[in-house]
Amino acid sequence: MNSVVVKLSAAVALALAVTIGLVGKRCPNLFLRIPNIGFIPWALTGNPIPPYFDPSIYAKEYFHEWAKDGDCILASGPKSGTVWVHNIIHLLKNDGNDDFEYLLSEHNGITEFLLYPEHSVEMRINETQAKREK
């Protein structure tokens, strides 16, 4: 009886591992739909952490398509003082003028590369260029 339970448990574990591996290779965004723990199978299948950060946008072949001369790129992690650094950069660029209405406008140059991992790099670059042309 024990050997049957062990064999059945091993078969179930193998089937689960194969399923997670296939989903991880074919459509890893499905993992992110699992509430609270979806990042775990996302990471176990070799995807970047945090899940919504896609480093491919910073590759040499794409970088100069969205970053222009004179751009100031602020890249920071969560809870690391992003707003504080953004305010400092604003003050430096505007000779200490603390009129922060500019920060609240839609045209302040913030690019949201982190929000949509299922979008291709080209799609995100086109969205960014469309925002700049407004």
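Ile73 is placed in the loop between H3 and helix H4 (82–93), where helices (H or I, at least four residues) and strands (E, at least two) are DSSP runs numbered from the N terminus. The structure is a predicted model, in which local features need pLDDT of at least 70 and side-chain atom pairs count only at pLDDT 80 or more, whereas totals for chains, interfaces and linings use all residues. Residues are numbered from 1 along each chain as its sequence is written, and side-chain values use heavy atoms, with hydrogens and water left out.

With a relative accessibility of 41%, Ile73 counts as partly exposed, given that buried means under 20% relative accessible area, exposed over 50%, and partly exposed in between (1.4 Å probe, protein chains only). Leaving aside neighbours within four places in sequence, Ile73 is in contact (heavy atoms within 4.5 Å) with Phe63, Trp66 and Ala67. Ile73 also stands 9.8 Å from Ile89, C-alpha to C-alpha, the two being 16 residues apart in sequence.

Trp66 and Ala67 belong, together with Ile57, Tyr62, Val121 and Ile125, to the largest nonpolar core, which has 6 residues; such a core is a set of buried Ala, Val, Leu, Ile, Met, Phe, Trp, Tyr and Cys residues joined through side-chain atoms within 4.5 Å. At least two residues of this core come from each of H3 and helix H6 (121–133). In soluble globular proteins, nonpolar side chains tend to be buried together.

For the protein as a whole, 6 helices and 0 strands are found, and the pattern along the sequence reads α-α-α-α-α-α. Of its 134 residues, 19% count as buried, and the accessible surface (Shrake-Rupley method with a 1.4 Å probe; for residues, only the protein chains shown count as cover) comes to about 10300 Å², with 62% belonging to carbon and sulfur atoms. Among contacts between residues at least 6 apart in sequence, 36% join residues at least 24 apart.

The loop between helix H1 (2–26) and helix H2 (39–44) holds Ile37, which counts as partly exposed because its relative accessibility is 47%. The loop between H1 and H2 also holds Asn36, which has a positive phi of about 70° although it is not a glycine. Most residues other than glycine have a negative phi. Asn36 counts as exposed, at 73% relative accessibility.

Beyond H2, Thr45 is located in the loop between H2 and helix H3 (60–66), and this residue is buried because its relative accessible area is 16%. The side chain of Thr45 reaches the backbone oxygen of Trp42 at 3.1 Å. Not counting residues up to four places away in sequence, Thr45 touches Ile20, Gly24 and Phe31.

Methods
A polar contact is a pair of N or O atoms within 3.5 Å; within protein, one must be able to donate a hydrogen and the other to accept it, and residues adjacent in sequence count only if both atoms are side-chain atoms.
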